[in-house]
Amino acid sequence: MRRTKISILMALTLFTQNVLSSPELSKSNFFKKVMPKLTDTVSIKIPDPISDKPINTVVYKALDKEKNILGYIREVKTTTGCDSACLPVVFTLFYSKEVVLKKLKSHPGLTKKFHAPFLDKDYDSLDVILMLNPSIFQTVKHPTEMVDGLTGATKKEFIPHVVKDAAYTSLRVNLYHQQTLKFLKSLK
């Protein structure tokens with residue numbers, strides 16, 4: 001009898017640990033930091049014309065307990081588009097139900113040149129870039145066009161339009177944001 005109770009207790013402990021550490025639960029908690037009233041999400045297929053291998057093909061409709069729309073969420077895992085040793089670009093875009101960007105968050109954190117982590121001021125700069133959608137980005141056919149081929153320094157014409165030492169990331173995040181906005185507005 002005692003062994004049975006211990007076995008049941010161990011099984012419940014393992015089950016609880018698995019449930020509490022599940023990716024879906026941690027994703028939900030991450031989403032709730034921006035949308036505290038979130039209780040459910042509905043997946044919507046979205047094209048990913050930006051990545052060479054499209055994997056960012058879902059946008060979530062965020063719902064409260066009454067099934068009212070709180071907004072939309074798009075998780076993005078991509079590269080900078082360069083062929084160097086750049087770290088992946090992982091971020092989540094949060095939009096209001098009116099399709100206005102509420103917040104950009106990155107669970108692992110975005111990085112700059114030499115893998116330096118973004119600072120709060122860098123995220124603030126990126127927010128401004130996303131609001132302005134610099135037209136100079138439309139001239140870029142490949143991210144490497146934004147930097148000097150020898151030094152890796154950002155070219156002068158791009159400096160005012162990117163996060164310092166993060167030209168590739170600035171471009172890539174803006175591309176996904178603009179593509180997401182266009183898609184969400186087409187749903188209305």
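Ile73 counts as buried because its relative accessibility is 0% (buried: under 20% relative accessible area, exposed: over 50%, partly exposed in between; 1.4 Å probe, protein chains only). The structure is a predicted model, in which local features need pLDDT of at least 70, side-chain atom pairs count only at pLDDT 80 or more, and totals for chains, interfaces and linings use all residues. Residues are numbered from 1 along each chain as its sequence is written, and side-chain values use heavy atoms, with hydrogens and water left out.

Ile73 lies in strand S3 (residues 69-78); strands (E, at least two residues) and helices (H or I, at least four) are DSSP runs, numbered from the N terminus. Beyond four places in sequence, Ile73 is in contact (heavy atoms within 4.5 Å) with Phe31, Met35, Val59, Tyr60, Ala62, Thr92, Leu93 and Phe94. The C-alpha atoms of Ile73 and Ser96, 23 residues apart in sequence, are separated by 9.0 Å.

Strand S3 pairs with S2 in the antiparallel sense over 4 bridges, pairing being assigned if DSSP finds at least two bridges between two strands. Gly71 in S3 is the bridge partner of Ala62. The hairpin of S2 and S3 has 5 residues between the strands, and Lys67 there takes a positive phi near 70 degrees. Strand S4 (residues 89-96) also pairs with S3 in the antiparallel sense, over 8 bridges, with Thr92 of S4 opposite Glu75.

The protein chain has an average pLDDT (the predictor's confidence in each residue, from 0 to 100) of 88, and 86% of the residues score at least 70. Among its elements, strand S2 (residues 58-63) has the highest mean pLDDT (98) and helix H1 (residues 2-20) the lowest (42). Over residues 5-22 pLDDT stays under 50, and the model has 2 contacts beyond four places in sequence for this segment. Where pLDDT is low, the predicted coordinates should not be read in detail.
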